[in-house]
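Let's take a walk through a protein together, one step at a time.

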Amino acid sequence: MTDPAADSSIRHPIRAVAFDLDGTLVDSAADLMHASNALLAELGRPPVDLPAVRSFIGDGAPKLVERVLAATGGVADAEEGARCLRRFLAIYEADPSAHSALYPGVAETLEALAKAGLRLGVCTNKPMGATMRLLEDLGIAGVFAAVVGGDSYPTRKPSAEPVLGLLERLDVSPGEAVFVGDNEHDVAAARAAGVARVLLVPYGYARVPLDGLPHDGILGGFADLPERLSCRAP
Ligand SMILES: O=C(O)COP(=O)(O)O
Ligand SMILES: [Mg+2]
């Protein structure tokens with residue numbers, strides 16, 4: 001027999017769902033590759049390919065650019081690195097969605113969860129400027145009650161800080177929230193924040209096997225979410 005006290009959804013009814021962005025809601029790797037390659041072309045360097053860029057995603061734009069530059073010859077000093085980051089952001093933020101798409105079931109499922117009364121939020125390591133533009137371009141900005149990016153707080157995931165910041169903006173306690181992500185940083189940040197449940201999508205840009213992470217379940221697909229949260233649209 002199940003012990004009701006062991007089920008956190010019974011102790012605290014779930015009131016909010018926090019989502020990672022890249023690799024969870026949006027397949028954004030192609031635009032990150034195009035922006036990286038536009039920067040590299042300006043520097044007279046060879047391009048990087050999609051598998052390489054996918055492996056560079058997850059620690060925010062500064063790390064992505066650092067990895068792109070390291071893979072193509074490195075940089076002379078920190079100043080050159082900072083200049084390249086500024087240029088990358090200008091290129092990427094001008095159009096972060098041309099080659100990006102929502103994963104199957106994302107739009108309909110977010111609508112269903114919002115209709116069921118859940119507060120939805122995004123906690124991404126992507127900078128806010130590009131994040132808001134991407135959400136608007138893909139038509140899902142309106143469904144979120146709050147969004148935090150990689151530059152919203154002094155630290156980013158795997159720190160708990162942005163997750164706790166998002167939950168505060170959603171006006172829920174960690175025990176009332178579920179986090180849905182795609183990689184090891186999402187699990188670490190959400191666990192450190194003390195959310196009720198951490199669920200992972202089976203696709204995305206994780207760099208370690210999902211099975212070894214301390215999650216509470218791997219979805220078959222994004223559309224499984226309402227069932228897993230035991231809530232349905234009215
Ligand atoms: O900007 C990144 O590196 C990844 O962003 P994410 O946190 O939405 O996966
Ligand atoms: Mg991600």
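Asp-182 touches Asp-20, Gly-23, Thr-24, Leu-200, Val-201, Gly-204, Tyr-205 and Ala-206, leaving aside residues up to four places away in sequence. Keep in mind that this is a predicted model. You can find Asp-182 in the loop between S6 and H9. Is Asp-182 buried or exposed? A residue counts as buried if 20 or more other C-beta atoms lie within 10 Å of its own, and Asp-182 has 25, so it is buried.

One of those contacts, Asp-20, deserves a visit too. Asp-20 sits in the loop between strand S1 (16–19) and strand S2 (26–27). This residue is also buried, because it has 28 C-beta neighbours inside 10 Å. Not counting residues up to four places away in sequence, Asp-20 touches Cys-123, Thr-124, Val-180, Gly-181, Asp-182 and Asp-186. An unreviewed UniProt entry lists Asp-20 under "active site".

The loop between S1 and S2 also holds Asp-22. With 26 C-beta neighbours inside 10 Å, Asp-22 counts as buried. Its contacts, again without residues up to four places away in sequence, are Ser-28, Ile-57, Thr-124, Lys-126 and Tyr-205.

What links these three aspartates? UniProt, in an unreviewed entry, places the feature "binding site" at Asp-20, Asp-22 and Asp-182. They span 163 residues in sequence, but no two of their C-alpha atoms are more than 8.1 Å apart, so the three gather at one spot.

Now look for ligand 1. It is surrounded by 15 residues, and the closest are Leu-21, Asp-22, Thr-124, Asn-125 and Lys-126. Sorted by class, this shell has four nonpolar, six polar and five charged residues.

Where the domains meet, 16 residues of domain 1 are in contact with 13 residues of domain 2. On the domain 1 side, helix H7 (residues 128–137) gives the most, with three residues. The residues on that side divide into three nonpolar, seven polar and six charged.

Next, follow helix H8 (161–170). Its buried residues are Pro-162, Val-163, Leu-164, Leu-166, Leu-167 and Leu-170. These pack against S1, strand S4 (119–123), strand S5 (146–148), S6 and helix H9 (184–193). After H8 comes Asp-171, with a positive phi near 60°. Asp-171 lies in the loop that leads from H8 to strand S6 (177–181). A residue is exposed if it has 12 or fewer such neighbours, and Asp-171 has 12 other C-beta atoms within 10 Å, so it counts as exposed.

Finally, take in the whole view. The protein has 10 helices and seven strands. Its radius of gyration is 18 Å, close to the 17 Å that the globule rule gives for 234 residues, so the protein is as compact as a globular protein of that length. The C-alpha atoms fill a box of roughly 65 × 30 × 30 Å along the principal axes. Of the 234 residues, 42% count as buried. Among contacts with a separation of 6 or more, 65% come from residues 24 or more positions apart.

Terms used: Residues numbered from 1 in each chain as written. Chains lettered and ligands numbered in written order. Predicted model: local features only at pLDDT ≥ 70, side-chain atom pairs only at ≥ 80, totals over all residues. Helix = DSSP H or I, 4+ residues; strand = E, 2+ residues; numbered from the N terminus. Near = placed C-beta within 6 Å. Nonpolar A, V, L, I, M, F, W, Y, C, P; charged D, E, K, R; others polar. UniProt positions renumbered as here; feature names shortened; annotations may be inferred. Contact = placed C-beta atoms within 7 Å. Rg over C-alpha atoms; globule rule 2.2 N^0.38 Å.
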